[in-house]
Amino acid sequence: MNNVTIIGAGKIGGAIARMLAETGNYAVTVADRSAEQLAKLDAHPAVKTLELDITDAAALDTALSGQFAVLSAAPFHLTGAIAESAARTATHYLDLTEDVATTRKVEELARGARSAFIPQCGLAPGFISIVAHDLTKHFDTLDSVRMRVGALPQYPSNALNYNLTWSTDGLINEYIEPCEAIVEGKLTVVPAMEEREEFSLDGVTYEAFNTSGGLGTLAKTLDGRVRTMNYRTIRYPGHQAIIKALLNDFNLKNRRDVLKDLFENALPATMQDVVVIFVTVCGWKDGRYMQETYANKVYAGVVAGKKMSAIQITTAAGICTVLDLLADGTLPQAGFVRQEEIGLPAFLENRFGRVYDPDVIKVAKAG
């Protein structure tokens, strides 16, 4: 039985707790400063709650002392404090952040650490990094790596063709912050919301555009080995143009609080969503220029006895799989661990990672 603490009692934190508790292998404590948020969690004999202000370093250290791991499902701007406490208490650390600055801080803390520091364990960055790196290993020489992910409503019904499916703060951060990319062999930074493209999958047309954080550490791993590499978020056509008007023409990129208020009071949340994953790698193999593609759609469904949204399933399964692989000794037990160090077969064979299997999802798909 491994004792783990999850920081953050939101929808993702609750999904992680449920998945881990149902295995019987984890004793879970969910910590949050909001007693109201903690009270919304599903009751489970393997889950207990802790009202905790993580800005209180001493209280946080006390909570993490003796724990096998801490999993951060908190907003990205709070993640640094959790990582610092994990370093002080020699607790394994995992997070879901897409924030580039936060990941750099985690990497610094991991130097000489007595425990493992594994950031970006969600969907993108996270699972998509594992998929992309696995595809690159099929080539003798790489040319391009294109990674596309989107969490979308199954039934869009507004001008944005979008519903809120996860953290509003994280969404805004992705839409505003600069994006890493490799352009003509050089690791560089490109602006968010630009370089729009369209593609079709299963007869549905999508648009995709630059957003921040999706490449994770894979950009540095492949720097010098690939000519072109980028990450773009998938939306239904029309979304990008409206968001750019809000950010630029209304200057809401400099008024995040106003933008957040608009999103949360005008865009309804939904549990009826679909996660679209589309990764294409081109390069040379046996003297031929070849392309390999991974395409998948994950729908809302029933996992661990509870109906969950697709973004809950994919994000929670990502970090739970990494935790399992850490607990069984598959992953390094100390220092900084990148997502691309995780093998795709090991991930998909894991009891949590199996939710990414299209055949499994079809069985569990919710109406």
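Q: Between which elements is Thr91 found, and what makes a stretch count as a helix or a strand?
A: Thr91 is found in the loop between α4 (79-89) and β5 (92-95); helices are DSSP runs of H or I with at least four residues, strands are runs of E with at least two, and both are numbered from the N terminus. The model is predicted, so that local features need pLDDT of at least 70 and side-chain atom pairs count only at pLDDT 80 or more, whereas totals for chains, interfaces and linings use all residues. Residues are numbered from 1 along each chain as its sequence is written, and side-chain values use heavy atoms, leaving out hydrogens and water.

Q: Why does Thr91 count as buried?
A: Buried means under 20% relative accessible area (over 50% is exposed, in between is partly exposed, with a 1.4 Å probe and protein chains only); Thr91 has 0% relative accessibility and therefore counts as buried.

Q: What makes the pair of Thr91 and Thr89 side chains a polar contact?
A: A polar contact is a pair of N or O atoms within 3.5 Å, in which, within protein, one must be able to donate a hydrogen and the other to accept it, while residues adjacent in sequence count only through side-chain atoms on both sides. The side chains of Thr91 and Thr89 make such a contact at 2.8 Å.

Q: Which residues is Thr91 in contact with, leaving aside neighbours within four places in sequence?
A: Contact means heavy atoms within 4.5 Å, and the residues in contact with Thr91 include Leu64, Phe68, Val70, Ala86 and Ser115.

Q: How do you know that β5 and β6 pair?
A: Two strands pair if DSSP finds at least two bridges between them, and two bridges join β5 to the parallel strand β6 (residues 116-118).

Q: Which way do β8 and β9 run, parallel or antiparallel?
A: Strand β8 (residues 179-183) and strand β9 (residues 186-190) run antiparallel and are joined by five bridges, with Val183 standing opposite Lys186. Their hairpin has two residues between the strands, and Glu184 takes a positive phi near 50° there.
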